[in-house]
Amino acid sequence: MAGFDYDIGIIGGGAAGLTVAAGAARLGAKTLLVEKDKQLGGDCLHFGCVPSKTLIKSAKVYHLMKHAERYGLPPVEVPPVDFGRVSGRIRSVIEVIQKHDSEERFCGLGAKVQFGRAEFSDEHAIRLDGRSISARKWVIATGSSAAVPPVKGLDRTPFITNREIFYLERLPASMIILGAGPIGTEMSQAFGRLGTRVSVVDMGHQILPKEDRDLADAVQKTLEAEGVRFHLNSTIEEVNDLGHAREVRIRTADRRSQSLSAETVLVALGRRSNIDGLGLDRAGVELNRRGIEVDDRQRTSRKHIFAAGDVTGGYQFTHAAGYMGGIVVSNAVFHLPRKANFTWLPWCTYTDPPLASIGMNEKTAKAAGIAYDLWTEEFHSNDRSLAEGEGSGKIKMLLDSNGGKPIGVQILGPNAGDLLAEWVAVLNGKVKLATLAAAVHPYPTMAEINKRVAGNFFSEKIFSEKVRKGLTFIFQFKGRACTLPE
């Protein structure tokens, strides 16, 4: 429209915002992208997914070096970790990816990038560096930040979050992690492997609370074997700065008070939507307790203003943000009423072994009152897992008891996130379970476990007593050729 400076404006240069900006600009819409930080990429690139996975890889290599004898190799005396070099590697990986998320690339696509803090002045305009900029449609994709709880003394005690942990000058000798969710769990193992004494505190009865208890417990057992200490069912009462250390006072499930001390405290107690200072009230955008309220087309209470990614308070994953961004492009640019559907949204916690999931797990199926049948296959029965020395974990396949269709899959084991990709295709493509079970997988690979668990469902039917008797009757089979002694 001639009355607006831009066809579409996007506030936030993370996964959701970049997806919308690239799509809208390439489709011919005059596009503005505003980012408050100095570089594009958002939390995922600079303070989340990319640096954490880079750190996790370094920690795993160091762990393998210390246990070379497990693989028939000579024992190795490894020197202490220089975290500055680890952090340097993190920065170098980010630098490579940053080129893909650069201002120059988006300018090449046709999008105008501006840096600064945007604030709505009305439902069609923002204030940016003292200037008013209008757009026919707006997209809010400002992401989320670490939630800092109102714990007594925490505001007077130095602590770190995901924004600081990857850029420490040196490796902390000890660390207390507040929170046993994905971030706290991943970082506990990574820093523990690098040489930090790690304790994790959480008020829940299990780590990774959204996961099935058996799989979460298996992850916890692995981490405890590596030296991580967990204080679950514990309430954080107070945090103090002792000068030379930080103290965290907790109350345990049996009502005992306990004092923990460490050099560093990492706060990983969830996320909060980045909505402060946006002037959403002036734009007429309504909020809920989690973030910006949106419908299934990612529209806010103002239908020409969309929101996508963590700021909505929904699924807080980079791939979810990118998906929501695609929904926005469909609705805001193509004007197609496409709705978001998170039924088969996958996710993965990148511990070692990692834990990946898609669809329902036992916990959510029970909560929804859905009757299911459970099929499992252990990684210690997978030849490639044994060859790799990674035989722990299993795959769980949940089938609807009424129709026998898959309603969810969880994988705890080596390369779980990559193995889950086959199920992403199967479930989204409505591929029959029999097709997966019959598909030839290369040997030896971890992926054979997907074929095996699907095959287990059919094996029970094919190799039943009824089928065996029928074949014997028809073809006059003579029965067993060998029987083991009792």
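P353 sits in the loop between β17 and β18, where helices (H or I, at least four residues) and strands (E, at least two) are DSSP runs numbered from the N terminus. Another cis peptide bond joins Y443 and P444, with omega about -5°. P444 belongs to the loop between α13 (433–438) and α14.

A quick word on where these values come from: this is a predicted model, in which local features need pLDDT of at least 70 and side-chain atom pairs count only at pLDDT 80 or more, while totals for chains, interfaces and linings use all residues. Residues are numbered from 1 along each chain as its sequence is written, and side-chain values use heavy atoms, with hydrogens and water left out.

For both, the expected span is 1.5 Å times one less than the number of residues.

| Helix | Residues | Length | First to last C-alpha | Expected span |
|---|---|---|---|---|
| α4 | 83–98 | 16 residues | 22 Å | 22 Å |
| α7 | 213–225 | 13 residues | 18 Å | 18 Å |

On α4, the buried residues are F83, V86, S87, I90, I94 and Q98. Here buried means under 20% relative accessible area, exposed means over 50%, and partly exposed is in between (1.4 Å probe, protein chains only). Looking down the α4 axis, the buried residues fall within an arc of 120°, so they line one face of the helix. That arc is taken from the directions running from the helix axis to the C-beta atoms. Turned away from the buried side of α4 is a face that carries the exposed residues R85, E95 and V96. What covers the buried residues of α4 includes α2 (42–47), α3 (49–66) and α6, with contact meaning heavy atoms within 4.5 Å.

Over on α7, the buried set is L215, A216, V219, Q220 and L223. Seen down the axis of α7, these residues fall within an arc of 140°, so they too line one face of their helix. The exposed residues K221 and A225 are on the face of α7 turned away from its buried side. The cover over the buried residues of α7 includes α6 (182–194) along with the strands β10 (229–231), β18 (355–359), β20 (394–400) and β21 (406–412). After α7 comes G227, with a positive phi near 110°.

Which residues does Q220 contact, leaving aside its neighbours within four places in sequence? They are I207, F230 and L232. Q220 itself is in helix α7, and it counts as buried because its relative accessibility is 12%.

**Where α12 meets α14**

Helix α12 (residues 416–428) and helix α14 (residues 448–462) have axes that come within 9 Å and cross at roughly 50°. That makes α12 oblique to α14. For reference, angles under 35 degrees count as roughly parallel, over 145 as roughly antiparallel, 65 to 115 as roughly perpendicular and the rest as oblique. The axes are lines fitted to C-alpha atoms, for helices over the stretch in contact, and angles run from 0 to 180 degrees between N-to-C directions.

From α12, L419, E422 and W423 meet I449, N450 and V453 in α14. The residues of this contact divide into 4 nonpolar, 1 polar and 1 charged.

**A few single residues**

S144 lies in strand β7 (residues 144–146). Is S144 buried or exposed? With a relative accessible area of 3%, S144 is buried. Not counting residues up to four places away in sequence, S144 touches D43, R271, R272, S273, N274, D310 and Q316.

H335 is in the loop between α9 (318–333) and β17 (346–349). Its phi is near 60°, a positive value in a residue other than glycine. H335 is partly exposed, with a relative accessible area of 48%. Beyond its neighbours within four places in sequence, H335 contacts K137 and S330.

Q476 also has phi near 60°, again a positive value in a residue other than glycine. Q476 is placed in the segment after α15 (465–475), and at 59% relative accessibility it counts as exposed.

Conventions:
Ala, Val, Leu, Ile, Met, Phe, Trp, Tyr, Cys and Pro count as nonpolar, Asp, Glu, Lys and Arg as charged, and the others, Gly among them, as polar.
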